[in-house]
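This briefing is intended for reading alongside the sequence and the structure.

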Amino acid sequence: MSIEQTLTSQERLAELDLTQLQQLVGLVEYDEKKDPFPVTGWDAVEWVVGNATQAAHFYQSAFGMELVAYSGPETGNRDHQAYVLRSGAIRFVFKGAVDPGSALADAHREHGDGVIDIALEVPDVDRCITHARAQGATVVEEPHDVSDEHGTVRRAAIATYGRTRHTLVDRSRYDGPYLPGYVSRRSSYVKRAGAPRRIFQALDHVVGNVEIGMMDTWVDFYNRVMGFTNMAEFIGDDIATEYSALMSKVVANGNHRVKFPLNEPAVAKKKSQIDEFLEFYQGPGAQHLALATNDIIASVDALRAEGVEFLATPDSYYEDPELRARIGEVRVPVGELQRRGILVDRDEDGYLLQIFTKPIGDRPTVFFELIERHGSLGFGKGNFQALFEAIEREQAKRGNF
């Protein structure tokens, strides 16, 4: 099956074509029929937050997302409020407890704002669950249909690291705003004059942090249960500074639309960013989400204009002659990258531009990456030391290093 035949509903709605997606997230051709657990792509990232009403406003005003659907007491949902926001092919759902006894309130007390569900669009929910169960996965939601006047959605869910789960969604028979139980919702928020139509177009990858010694266990889970393949591995000096270290492996589904780097801490002189995350999140979880853009300069400028803060990169990074020699020519003058703190890396397939925000909540846990790919299928290996040193400087300011 060609890439064009496997566009997700969100990608079609965002009017993204094959060429755009190949640049944005590095799509590749693959034969879905040979995949025991075929995944079309991302469906939604569901968050638990302390105040969904305010989070929905923040992601509209700061991140340029569009409110498209809602569920809450007014729709018969007495447990929580949920706001569905979209940017390009990305769909975020922010949930906040209304009932003090809600399981969402318990999750938020333990973890703070964070991702609880990385939902995936699949062509056959039952086929995926049958395979996952045979491979020992914990099925937390059996396959079932949910319907309303817009059609029927087939759903199921499996457990992964920590509280995180993957809901599997087949919405091929559905044309509603999100799911049954949700209604279309638009916001009265008006973007500032000159604001871009959208700041980012697609989700590139989601990074999971797990406990020491558990990375290979979860790599095996994605290999065995979900049919993902190993895409990259970073160990030892690849991913260490003078003071802290971690290990990382990347798994991806067949078409490379869905990519999960998995990190675990490594023994070092001081506390790593993974240690800090595990401490403040109180366990494993999604550490950062990489948002794909076709113009990282405009994206960074738009986010900064709305008050989003990024990690600082020292001038010495850009003045390093080895960096200049390694990266060669890129579409943006290095001086423009330096002015914004954007990192650049090149591999045998091309190059990429990337930058990382500071944590976006009260706890030093979840943050975002912006990434612009030009052929590179990597994750910025050449930037790891500069990035982790920047994170260490922020950890030291927080007293967590």
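A search of the whole structure finds 26 aromatic pairs; rings of Phe, Tyr and Trp (its six-membered ring) pair if their centres lie within 6.5 Å, and planes under 30 degrees apart count as stacked, over 60 as edge-to-face and the rest as tilted. The model is predicted: local features need pLDDT of at least 70 and side-chain atom pairs count only at pLDDT 80 or more, while totals for chains, interfaces and linings use all residues. Residues are numbered from 1 along each chain as its sequence is written, and side-chain values use heavy atoms, with hydrogens and water left out.

**Aromatic pairs**

- Tyr70 and Tyr83 form a tilted pair, at 5.0 Å centre to centre and with 55° between the planes.
- Tyr70 belongs to strand β2 (residues 66-71) and Tyr83 to strand β3 (residues 80-87), so the pair ties together parts that are 13 residues apart in sequence. Helices (H or I, at least four residues) and strands (E, at least two) are DSSP runs, numbered from the N terminus.
- Tyr70 is buried at a relative accessible area of 2%, and Tyr83 is also buried, at 6%. Buried means under 20% relative accessible area, exposed over 50%, and partly exposed in between (1.4 Å probe, protein chains only).
- One aromatic cluster is formed by Trp47, Phe58, Tyr59, Phe63, Phe92, Phe94, Phe200 and Phe368.

**Chain overview**

- The chain contains 12 helices and 17 strands.
- Of its 401 residues, 57% are buried.
- Among contacts (heavy atoms within 4.5 Å) between residues at least 6 apart in sequence, 69% join residues at least 24 apart.

**The open sheet**

- An open sheet of 9 strands runs in the order β6-β7-β8-β5-β1-β4-β3-β2-β9, with mixed pairing. Two strands pair if DSSP finds at least two bridges between them.
- β6 (139-148) and β9 (183-184) stand at the edges with a single partner strand each, so one side of each has no neighbour in the sheet.
- Helix α5 (residues 125-134) packs on the sheet and touches β6, β7 (151-159) and β8; its direction makes about 15° with that of β7. Axes are lines fitted to C-alpha atoms, for helices over the stretch in contact, and angles run from 0 to 180 degrees between N-to-C directions.
- Strands β5 (residues 114-121) and β8 (residues 165-174) run parallel and are joined by 3 bridges.
- β7 and β8 pair in the antiparallel sense over 8 bridges. They form a hairpin with 5 residues between them, and Gly162 in the turn has a positive phi of about 60°.
- In β8, 7 of the 10 residues are buried, so this strand is largely enclosed by the rest of the structure.

**Nonpolar cores**

- The largest nonpolar core has 81 residues, and Trp47, Phe63, Phe92 and Leu289 have the most contacts inside it. Such a core is a set of buried Ala, Val, Leu, Ile, Met, Phe, Trp, Tyr and Cys residues joined through side-chain atoms within 4.5 Å.
- Helix α6 (residues 215-226) supplies the largest share of this core, 7 residues.
- A second, separate core of 12 residues includes Ala82, Val84, Val93 and Tyr182.

**Helix α7**

- Gln273 lies in helix α7 (residues 273-281) and is buried, with a relative accessible area of 9%.
- The buried residues of α7 are Gln273, Ile274, Glu276, Phe277, Leu278 and Tyr281.
- Gln282 follows α7 and has a positive phi, near 60°.
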